[in-house]
There are 2 protein chains.
Amino acid sequence: MWNVPLMENDSIIERPADQYTITKRYTEKAVAFIEQHAPSPFFLYLPHSMVHTPLFASAEFQGVNPRGTFGDVMAEVDWSVGQILQTLEDLQLTENTLVVFTSDNGPWLSMQQDGGSAGLLRDGKGTTWEGGMRVPGPISGMGSTLDLLPTIAALTGAVVPTDRILDGYDLTPVLRERSASPRDHFFFYRQRELYAARQGPYKAHYRTETCYVPETNRREHTPPLLYQLEQDPSEKYDRSAEQPEVLAAIQALVTAHAATVRERPAEMEKY
Amino acid sequence: MWNVPLMENDSIIERPADQYTITKRYTEKAVAFIEQHAPSPFFLYLPHSMVHTPLFASAEFQGVNPRGTFGDVMAEVDWSVGQILQTLEDLQLTENTLVVFTSDNGPWLSMQQDGGSAGLLRDGKGTTWEGGMRVPGPISGMGSTLDLLPTIAALTGAVVPTDRILDGYDLTPVLRERSASPRDHFFFYRQRELYAARQGPYKAHYRTETCYVPETNRREHTPPLLYQLEQDPSEKYDRSAEQPEVLAAIQALVTAHAATVRERPAEMEKY
């Protein structure tokens, strides 16, 4: 039913890929890669196919979790992460290896239980509500995957490009000393358009749109909807009428940001 | 504004009660009570006024928590629990004291942030959705405050009444040996009426009603709504059409239960 190819470098080695064993096989490859490259600095990028639908768990993980198939598959990814961390420990690399575990978006809600859950966060994948974009982290300050580039550059001594404005921050002081995050704002884009902006605990929604539903329900908000996320992480209680000065500050931030944005052709357009 | 009396035994000792210091004063009284009674068996019931609205935190706890006033007040109740536990530790009573920390209902949603949050659970106080009734516990099996009577009776060697049917279970094997809970079902009442029933992971809603809203929205469900709570704790995905045999089993349980229920005058009616 899912005629997806499994590739190694530029070659298709299996089609359709047996996805029941894909998490286990990715893990074995990753562990072997670390063992092979451990003597020198290395970079491993392990983008698991799971827990994206369609869901597959290997035989050892089928039926192990009360959360159903999604729970089984999550348990296997958890096992996989454990294998990677154990390998680093066995090779005595835990003190000088940065491990980042993150996700690209929230639950695909139209898949119901198979799509995951954002817990108390509102909505899911494809939206700029917290349930679509927020992932947990080990600190309570703000961080973004945009910050990975400057952070890893700082840790490795690499020089970041200076011919463009980078939207990321170096988070090494946060990671090393638990100091306050240098990031105090975040811009929520959907495709090429800014939908929302956060400054400190406040998030303003200029427009909202639920995704993967039969009819589009894009809405423009004037004034923007305003939520205090530390007190209201579920984005239930609009505070726009009570906090016009917060909205004005966010608008100033958005205007300054918009002036720095240059449209560029998408990377994929050249192919 | 809140002309509530503070009573000690049968006497009003302060009116209006200074609620800013009420959590601290309840705690001091509780600690003194334990210290006084520690040589012999004792029972302490400490029903904090907080975190019910209106919310009050003492000076030391105002502004300490990013969650706002509710967070401050919760931090003070957390401090209070710490004081109680520390007292038990200081008196070397932790090995033979049972501490139960629980709540009577979910968040009062119309109070917005001041009413609390049920996290990913649906709805809140006054309803028979999970957000109205479920509280966290240290094990994943089912338990109920109905089980406190038989459990404490078993722990203390007291004899429970035999002239009536008790709806509770003795949970001591669960607490002592982490064995499976003897409770596999729960009946969700609102006032005198059964609204929902759970058996294993499945919960059937015969009727639902949102509370503290301008217009009542009581709805009867035929067939009942059916949710698999282990896979869908937010009660989002109705499975009634797919699981008629589960609904039939729950209906049989409800029918058997209804045959045991005798209406009795409310305890307060005699006053």
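In the predicted model, chain A is superposed on chain B by a rotation of 180 degrees with 0.0 Å of shift along the rotation axis, the RMSD being 0.0 Å. This is the relation of a two-fold axis. Among the residues of chain A, A:Leu120 comes closest to that axis, with its C-alpha atom at 2.1 Å. The two copies meet through the same surface, because 100% of the interface residues of chain A are also interface residues in chain B.

The contact between the copies involves 15 residues of chain A and 15 residues of chain B. The size of an interface is often given as the accessible area lost when the parts come together. For chain A and chain B the buried area is about 1500 Å², of which 46% lies on carbon and sulfur atoms. Within the area that chain A buries against chain B, 39% is supplied by A:Gln113, A:Gln231 and A:Tyr237, which is more than any other three residues contribute. The side of chain A that touches chain B is made up of four nonpolar, six polar and five charged residues. Between chain A and chain B the count of salt bridges is zero, whereas six residue pairs are in polar contact, with both residues of each pair at pLDDT 80 or more.

Over all chains, the count of salt bridges comes to 30. Side chains of opposite charge can pair when their charged atoms come close. One of these salt bridges joins A:Glu60 to A:Lys24, with the closest N and O atoms 3.1 Å apart. Because A:Glu60 lies in the loop between helix 1 (22-37) and helix 2 (69-90) of chain A, while A:Lys24 belongs to helix 1 of chain A, the pair ties together parts that are 36 residues apart in sequence. A:Lys24 has a relative accessible area of 22% and is therefore partly exposed. A further salt bridge in chain A is formed by the side chains of A:Glu242 and A:Arg239, at an N to O distance of 3.6 Å. A:Arg239 counts as buried, because its relative accessibility of 15% falls under the 20% limit.

In chain B, the side chains of B:Arg25 and B:Glu14 meet in a salt bridge with an N to O distance of 2.7 Å. B:Arg25 is located in helix 1 (residues 22-37) of chain B and B:Glu14 in strand 2 (residues 11-14) of chain B, so that this pair ties together parts that are eleven residues apart in sequence. Both partners are partly exposed, B:Arg25 at 25% relative accessibility and B:Glu14 with a relative accessible area of 22%. In chain A, salt bridges that share partners also join A:Glu130, A:Arg134, A:Lys203 and A:Glu235 into one network.

When residues up to four places away in sequence are not counted, A:Ala153 touches A:Ala158 and A:Val160. By contrast, A:Trp2 lies 151 residues from A:Ala153 along the chain, and the C-alpha atoms of these two residues are separated by 38 Å.

Conventions
Residues are numbered from 1 along each chain as its sequence is written. Chains are lettered from A and ligands numbered from 1 in the order in which they are written. This is a predicted model: local features need pLDDT of at least 70, side-chain atom pairs count only at pLDDT 80 or more; totals for chains, interfaces and linings use all residues. Side-chain values use heavy atoms; hydrogens and water are left out. Contact means heavy atoms within 4.5 Å. Copies are superposed by least squares on the C-alpha atoms of residues with pLDDT of at least 70 in both. Buried area is the accessible area (1.4 Å probe) that two parts lose on being put together, summed over both. A salt bridge is a side-chain nitrogen of Lys or Arg within 4 Å of a carboxyl oxygen of Asp or Glu. A polar contact is a pair of N or O atoms within 3.5 Å; within protein, one must be able to donate a hydrogen and the other to accept it, and residues adjacent in sequence count only if both atoms are side-chain atoms. Ala, Val, Leu, Ile, Met, Phe, Trp, Tyr, Cys and Pro count as nonpolar, Asp, Glu, Lys and Arg as charged, and the others, Gly among them, as polar. Helices (H or I, at least four residues) and strands (E, at least two) are DSSP runs, numbered from the N terminus. Buried means under 20% relative accessible area, exposed over 50%, partly exposed in between (1.4 Å probe, protein chains only).
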